[in-house]
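This report describes the strands of one model and then a part of its surface.

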Amino acid sequence: MSLLTRSDLLKPAARRYRMVQMPTGGQVRIQSLTAGEARALRQSLMNKKGELIKARGDRLQELLICHCVVDESGQRIFSEDDAMSSDFDGLDQANAAVLYQACRNFSGFGADADFAAIEDAIKNSDSTQES
């Protein structure tokens, strides 16, 4: 295995794909995200003051799924409008959970320290709403 150089690391990434088996049957194709795509998604969850936009935080699972799930030609099959609407409400939660976890792991989104802070903000937002 060779040591990657700076220029190797900074080359535009080749898109990676993976098939994910759904608990209720069938498979879904997911794609990797570039660092820029992941950053844009993280930033879209916060307002200009750096505070969580609750409506988007509440749909984090759906937003990540819509950015990662693609068809055979690599085109996203869901839009952010789909993620923010009730379109996902009928999705079997077992499928949603498996798909979300696969997208987090495959894209590297879940390993991101900023993402952990966003998840904490969502949890804190939920607990302050209940008080």
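Three strands form an open sheet in the order 1-2-3, with antiparallel pairing. Strand 1 (17-21) and strand 3 (69-70) each have a single partner strand and stand at the edges, so one side of each lacks a neighbour in the sheet. Strands here are DSSP runs of E with at least two residues, and helices are runs of H or I with at least four residues, numbered from the N terminus. Two strands count as paired if DSSP finds at least two bridges between them.

The model is predicted: local features need pLDDT of at least 70, side-chain atom pairs count only at pLDDT 80 or more, and totals for chains, interfaces and linings use all residues. Residues are numbered from 1 along each chain as its sequence is written, and side-chain values use heavy atoms, without hydrogens and water.

## Hairpin

Five bridges join strand 1 and strand 2 (residues 27-31) in the antiparallel sense. Met19 stands opposite Arg29 in strand 2. Five residues lie between strand 1 and strand 2 in this hairpin, and Gly25 in the turn has a positive phi of about 110°.

## Helix 1

Leu9 is found in helix 1 (residues 6-10). Leu9 counts as exposed because its relative accessibility is 59% (buried is under 20% relative accessible area, exposed over 50%, partly exposed in between; 1.4 Å probe, protein chains only).
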